[in-house]
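Good morning, everyone. Please have the structure up on your screens.

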Amino acid sequence: MTAQIEFNAVEKYYGRYHALKNINLSIEKGSFVALVGPSGCGKSTLLRTLAGLEKISSGEVNIAGQRMNDAPPRKRDIAMVFQSYALYPHMTVEENLTYSLRTHGMKKKDAQAKAREVAETTGLSQLLARYPRELSGGQRQRVAMSRAIIRDPKAFLFDEPLSNLDAALRVHMRKEIRTLHDRLNATSVYVTHDQIEAMTMADRVVLMRAGIIEQEGAPLELYDRPVNRFVAGFIGSPAMNFIPAVVGEDGHSLKLEIADGKTIPYEGKLEPGKPVEVGMRPEHLTLVSDAEAQFHLPLRISEETGATTYLFTDSEPEVAVVINDRATIANGTLMPLRIDPARLHIFDRETGARL
């Protein structure tokens, strides 16, 4: 596949603050890439350098094989969708869509025909005569997306476009955005702090922290093989449990520093006596009989949502367990727990790196 967007050794400083640190990233044509991470990690800064809204300190940004370091936003042939929609309130939907085409010299009749074509794709055909104030949040977001689509750009850039919407509408709109991406065979770069959005929408996820890329790959790669404790804790909901342990003398067992020091098996080979952290995803822990249990932990509280039950232990650290069923257990009960050794994630206790 051809790289549509490339960041080569990109650095960005704001005075002494090092916002982006040696960013190397290649985005293939037609792919959907999500930039995700906690606030302040650099994901929006990276998107803005791609859009030309921020000037990089060093390195190189390429779009469709052309160096864009010094190119202004209007010369980069990209379209950006913001969380604020940024619609012209005094213009109708049709006028919002045709504005950029008219300013670039397209005849009014041709621009209107293009607007009708795009509106058909995004479900806005019946709303072309309305003003933004007459639209719902989801409809306004579709207008903002349509205004980007109508330009037929080299790439679509989304900066947390769904953060102003309620939960149900966010779920609906992320399906719409992904469907549009596939229909247009577009190249999309999507910034979000919501790892569920990143996991469900993207072909590739780029997880950032403190200005660096911690891991980049397919969503399930980050879920199944996180490179360090940070990635493991960020990807997955509820978050992965981390339990301190010491590797047994055989190198194939782990003595937990919880649950009265119970020992559980491990399939790999580790350095005997090494202090580690054992990662256990809540959905991989199972309630079993006492005879089958690897360890027991007391229940502090349970949360029942109907199809799923969330159990939280009265221990330090707290351990979360997800049961895809109803589980009636009294608070304070010792829960018999088990996990498949193949589903364990082991991290160096000092560095956080995966072992």
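Helices (H or I, at least four residues) and strands (E, at least two) are DSSP runs, numbered from the N terminus.

Two ground rules. This is a predicted model, so to speak of local features we need pLDDT of at least 70, and side-chain atom pairs count only at pLDDT 80 or more, while totals for chains, interfaces and linings use all residues. Residues are numbered from 1 along each chain as its sequence is written, and side-chain values use heavy atoms, with hydrogens and water left out.

**Pockets**

First, the terms. Work on a 1 Å grid over the protein atoms alone: a cavity is a set of points where a 1.4 Å probe fits but cannot get out, a pocket is an open set with protein on both sides within 12 Å along at least five of seven lines, and lining residues have an atom within 4 Å of a point. Grid points are joined across faces, edges and corners, and a volume is the space filled by probe spheres set on the points.

How much space lies in the largest pocket? About 640 Å³. It has 23 lining residues, and I78, A79, M80, S100 and R151 are the closest to its centre. β6 (78–82), α2 (93–103) and α4 (137–149) each supply at least two lining residues. β6 gives the largest share, 5 residues. By class, the lining has 16 nonpolar, 3 polar and 4 charged residues. Here Ala, Val, Leu, Ile, Met, Phe, Trp, Tyr, Cys and Pro count as nonpolar, Asp, Glu, Lys and Arg as charged, and the others, Gly among them, as polar.

Next, the second largest pocket, with about 240 Å³ of space. It is lined by 15 residues, and I149, D152, P153, F156 and L184 lie nearest its centre. Helix α3 (residues 108–122) supplies the largest share, 4 residues. This lining divides into 6 nonpolar, 4 polar and 5 charged.

**The cavity**

How many cavities of 30 Å³ or more does the structure hold? The count is 1. The largest cavity contains about 90 Å³ of space. Its lining includes V81, M145, I149, F156, I177 and L184. α4, β7 (155–159) and α5 (167–184) each give at least two lining residues, and α5 has the largest share with 4. The classes are 10 nonpolar, 2 polar and no charged residues.

**Cores**

A nonpolar core is a set of buried Ala, Val, Leu, Ile, Met, Phe, Trp, Tyr and Cys residues joined through side-chain atoms within 4.5 Å. Buried means under 20% relative accessible area, exposed over 50%, and partly exposed in between (1.4 Å probe, protein chains only).

The largest nonpolar core has 45 residues, and I177, L207 and I235 have the most contacts inside it. α4 gives the most to this core, 5 residues. Apart from it lies another core of 28 residues, among them A259, F295, A327 and I329.

Now look at I235. Leaving out residues up to four places away in sequence, I235 touches Q195, M199, L207, L222, Y223 and R281. Contact means heavy atoms within 4.5 Å.

**Three stops**

Stop one is α2. Its buried residues are V93, E94, N96, L97, T98, S100 and L101. α3 and α4 are among what covers them. After α2 comes G105, with a positive phi near 95 degrees.

Stop two is P341, in the loop between β19 (334–338) and β20 (345–348). Is P341 buried or exposed? P341 counts as buried because its relative accessibility is 19%. Beyond four places in sequence, P341 touches P265, Y266 and E267. T309 is 32 residues away along the chain, and the two C-alpha atoms are separated by 23 Å.

Stop three is L334, in strand β19. L334 counts as exposed because its relative accessibility is 51%. Beyond four places in sequence, L334 touches H296, L297 and P298. L334 and T313 are 21 residues apart along the chain, with 9.1 Å between their C-alpha atoms.

That's the tour. Thank you.
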